[in-house]
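Let's take a walk through this structure together, one piece at a time. Have a look at it first, and then read on.

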Amino acid sequence: MPLSFLRRRNVMLALVLVAALLPLGANPYHLFVANLIFIYILLSVGLNLLLGYAGQLAFANAAMFGIGAYGTGLLQVHFGWPFLIAFPAGALIATAVGLTLALPALRLSGLYLALSTLAFAQFTQWVFLHWEGVTFGAGGFKTPQVSFAPLPVDHRHGLYYLSLVIMVAMVWFAGNIVTSRIGRAFITVRDSEVAAESLGVDLLRYKALAFGLSAFYAGIAGGLYSQMLNFVSPEGYDLFQMVLQKAMVVVGGLGSIAGSVLGAGTIVLVLEGLREFKGAQEVVFGAMLLVFIIFMRGGIVSVIRRHVPGWEEPLHRAGALPPAEPPTSLPLAPPAQERGVS
Amino acid sequence: MTMLSYLLLSGITTGALYALVALGLVVVNKATGVINFAQGELFMVAGFIAWSIHVQFGFDFALALAGAVLVGFVLGCAIDRIAFRPLLRADVVAIVLATVGISFMLKGIGRIIWGGKGDYLSFPPITSTDPIMLGEIVLVPQQIAVLAGAIAIMLAFGAFFRFTRIGKMMQATADNAKAATLVGIRIERIYTLAFGTGAAVAAAAAVLAAPLTLLYPDMGFSFFIKGFAAAVVGGLTSLPGAVVGGLAIGIVEALAGGYIHSSMMEVSAFIAIMLVLLIRPTGLLSFYKARRV
């Protein structure tokens, strides 16, 4: 097999290595684009957990991204908190809002959920625009630059490595989530809520977990984004942002963490390539979304899977399951955790 | 009294337009079980087509209306063939994302073609602009004309479903697609027609709305979300419900904008959607339990 060295893990490790060494030979613009890719990877991985794994058709991810950015920025501006405290706090605010959004998701599914979250996203946008005393309205506001003082790096490189480390850690974490009991529960909820419940999957808990996780990812991404631009304004978190994120997840592959990484990279590169043709952006991303949905529903990853042996993304940890060990407990008694005891 | 009557009239007028958008959404949803997320952008494109015919090339208003409705119908059918029929066996996530993709393409195309001609394109009024005073009540002729047009379209729409063969076939398909297939209705064609009719209604609404609202490439989403709010209030599958919902949203919006703060106008529809879906997901007007799970 000529391609067998292209195992998923090897490719991902190589990408991380390239990213870690990139600042050695890159100009500020390249560094900016790479940093943007890290932020979008966080967004698309978070959205994929919700949309691709748990199957919740929610449209509020751009709003969560905005809440993370606004939360981080406003805590710095209004209360003078340092970035390193405001940043996790902003992500936690986004998580809290995401968890609240899970409440309607318990009663609604499919289209109804899509539209209520869409309405929520527009409501958030309206708050950013009109709550001028706090959010500074349509003009947005500047956020102070964080200094990485004891470390011998400037703002740009410091933020680059901070984003890289957070991104790698959170992608690794997401990869572990989806191969765990939680990830399998998400997939059961996606494929059939009735079946999930009959298997003892607590819908409330897992839907809330999916919404909270994806909001946390988006909140972290928002905090980093606000610090990268040092500027926050409502239009960064609008419908176009929403469609960008949807396109990333779909182009990469629904239900694949590696796909989200590749999708985010692809979309950011296309976005930057179209910087001179702003008018074409909406058409191009709409078309990408449509074309991938119709002709390549599994995304880029489905093609890679077909041609590269060893790329499978199993839903259990490789090697963690001994091949044919007889079950130790009675087959009819489900584990305590899944009965909702814990 | 003058203020209230003015607000009520303008609320009813915009409400009637929302009701038309909602009717389009409901027709598609009844027949196919999905929401066409590109409905608002169809509205926007149709409005611009009418502008081009009427203002740019100087043809008659009636011709502009007919042209926009025709273009809307064709675009609606195209959306069915591109984004719905290939995905008949896919899940709802794929269909929604595909129509979202189309809506952004349409918006981008609208911006490329018509966006460069100034931020807002104005459409000449159909009637005189002087308000008529009836005692303390203000009547704006333009609004009356729009309202009359909207009512005429609603009646035509109702008659189409009640009296024509195609309308009855569409009703049968919405009622029970399998049974409709059994009696020889080609339901794929009905789906195409439903998308087309829904788009045609939106197009007619756009031409009526154009003199009141001005035209801009981002107008589609706001009409989509308000039309959707109207449809949700009516329960998403009821044509009369959509009309009542549209009027309710329009009136609430006008009153909130007039008495609380003008910025409340935009947001009242979102709040209505969230509240209705949270409290009564089957719609305020439905009295039986029929929820699509």
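This is a predicted model: local features need pLDDT of at least 70, side-chain atom pairs count only at pLDDT 80 or more; totals for chains, interfaces and linings use all residues.

Start with chain B and its contacts between residues at least 6 apart in sequence: 74% of them join residues at least 24 apart. Being in contact here means that the C-beta atoms of two residues, placed from the backbone, lie within 7 Å. Residues are numbered from 1 along each chain as its sequence is written, while chains are lettered from A and ligands numbered from 1 in the order in which they are written.

What is chain B built from? It has 11 helices and 2 strands (DSSP runs, with H or I over at least four residues for helices and E over at least two for strands, numbered from the N terminus). Reading from the N terminus, the order in chain B is α-α-α-α-β-β-α-α-α-α-α-α-α. The radius of gyration of chain B is 19 Å, close to the 19 Å that the globule rule gives for 293 residues, so chain B is as compact as a globular protein of that length. That radius is taken over C-alpha atoms, and the rule is 2.2 Å times the number of residues to the power 0.38. In chain B, 53% of the 293 residues are buried, meaning that 20 or more other C-beta atoms lie within 10 Å of a residue's own, again placed from the backbone.

Now over to chain A, with its 14 helices and 2 strands. Of its 342 residues, 47% are buried. Its C-alpha atoms fill a box of roughly 60 × 50 × 45 Å along the principal axes.

Zoom in on two helices of chain A. Helix 11 (residues 239–252) and helix 12 (residues 257–273) of chain A pack at an angle of about 125°, with their axes 7 Å apart. Those axes are lines fitted to C-alpha atoms over the stretch in contact, and angles run from 0 to 180 degrees between N-to-C directions.

So where do the chains meet? In total, 34 residues of chain A are in contact with 33 residues of chain B. On the chain A side, helix 4 (83–107), helix 5 (110–130), helix 11 and helix 13 (278–295) each give two or more residues. Helix 5 of chain A gives the largest share, 13 residues.

Methods:
A residue is buried if 20 or more other C-beta atoms lie within 10 Å of its own, exposed if 12 or fewer, and partly exposed in between; C-beta atoms are placed from the backbone.
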